[in-house]
Amino acid sequence: MLKLENVCAGYGKSQVLQGVDLEVRPGEAVALLGRNGVGKTTTLRTIMALTPLSRGTVTFEGERLDALPGHKIPRRRIGYVPQGRRIFPKLSVLDNLCLGLTRAPTEDQLGPIFERFPRLKERLRQAGGTLSGGEQQMLAIARCLIVKPKMLLLDEPTEGIMPKLVAALREEIRSINEAGVSLLFVEQNVPTALAVCSRVYIMEKGVISHETTSADLRANPDIIHRYLGVSM
Ligand SMILES: Nc1ncnc2c1ncn2[C@@H]1O[C@H](COP(=O)(O)OP(=O)(O)OP(=O)(O)O)[C@@H](O)[C@H]1O
Ligand SMILES: [Mg+2]
């Protein structure tokens, strides 16, 4: 479904990605793990054509995304939830939800969102910035879901969220995947990544250094320690 082959990209003279190969198959949830600064966010930005690619290819459903202008990529039904939940704090929840739409939302678009995130429905007229961190993250995800994407790229959705809310958010993300949306999931919280995803890529210094399954990582926590420096 989504395939990166030998992707090299960076900022000016600094090459961050040095030949990334990864793949997400239809319906899969795949985690991209790695220490700070190895290039996880840059990988997602490169898929969305927000960071220019200098070599390699990004293919989505057989079509080369790297040849498309960036603004066309969301229309290919890939949603991107950037790191640090970029919602607009002064806009209402409803206006934040509708940002990606060219016309007023239909009942068919809003209904499933409200069913999934009842907290947002209760707070539609409230300014986005007054939501809790977890609610803002839900809003950022809901904004992508409203256009019914086939795939979501999620960049550390549980970062800085109260532990109590992390479990609920994790369940929501899992249920989005179960509803058929493929996921590429960057996450520092390893238990959350393993709970949601079946396959895992580990990135080190701009390349994928290890590829495995969540089951394998659960059985061999020493791998997590070796590559990520955290214990489970
Ligand atoms: N806009 C930018 N201009 C220049 N360098 C950048 C820019 N954004 C990121 N970098 C650099 O690229 C490298 C990879 O950054 P990236 O944000 O992809 O890492 P990451 O794996 O997502 O890290 P984290 O886990 O901290 O979010 C870092 O060295 C970072 O300083
Ligand atoms: Mg990042």
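**Strand β6.** I looked up strand β6 (residues 78-81) first. Ile78 and Tyr80 point one way, Gly79 and Val81 the other, and all are buried. Buried means 20 or more other C-beta atoms within 10 Å of a residue's own; exposed means 12 or fewer, partly exposed lies in between, and C-beta atoms are placed from the backbone. In a regular strand the side chains alternate between the two faces of the sheet. Strands here are DSSP runs of E with at least two residues, helices are runs of H or I with at least four, and both are numbered from the N terminus.

**Ground rules.** The model is predicted: local features need pLDDT of at least 70, side-chain atom pairs count only at pLDDT 80 or more, and totals for chains, interfaces and linings use all residues. Residues are numbered from 1 along each chain as its sequence is written, while chains are lettered from A and ligands numbered from 1 in the order in which they are written.

**Pairing.** I checked the partner of β6 next. Strand β7 (residues 151-155) pairs with β6 in the parallel sense over four bridges. Two strands pair if DSSP finds at least two bridges between them. Met151 in β7 is the bridge partner of Ile78.

I then turned to the open sheet. Its four strands run in the order β2-β1-β4-β5, with antiparallel pairing. β2 and β5 (63-64) are the edge strands, each pairing on one side only. Eight bridges join β1 (residues 2-11) to β2. Tyr11 stands opposite Ser14 in β2.

**Loop.** Lys13 sits in the loop between β1 and β2. Is Lys13 buried or exposed? Lys13 counts as exposed because it has 5 C-beta neighbours inside 10 Å.

**Ligand 1.** I listed the shell. Among the residues around ligand 1 are Tyr11, Ser14, Lys40 and Gln83; the cut-off is a C-beta atom, placed from the backbone, within 6 Å of the molecule. β2 (14-24) and α1 (40-47) are the elements that give two or more residues. α1 gives the most, with three. α1 also lies across β1, β2 and β4 (53-60), at about 70° to β2. That angle is between N-to-C directions, from 0 to 180 degrees, of axes fitted to C-alpha atoms, for helices over the stretch in contact.

**Core.** I finished with the largest nonpolar core, which has 62 residues. Such a core is a set of buried Ala, Val, Leu, Ile, Met, Phe, Trp, Tyr and Cys residues joined through C-beta atoms within 7 Å. Ala142 and Phe185 have the most contacts inside it. Helix α5 (residues 133-145) supplies the largest share, seven residues. Not counting residues up to four places away in sequence, Ala142 touches Leu97, Ile113, Phe117 and Leu120; contact means C-beta atoms, placed from the backbone, within 7 Å.

Conventions. Contact = placed C-beta atoms within 7 Å.
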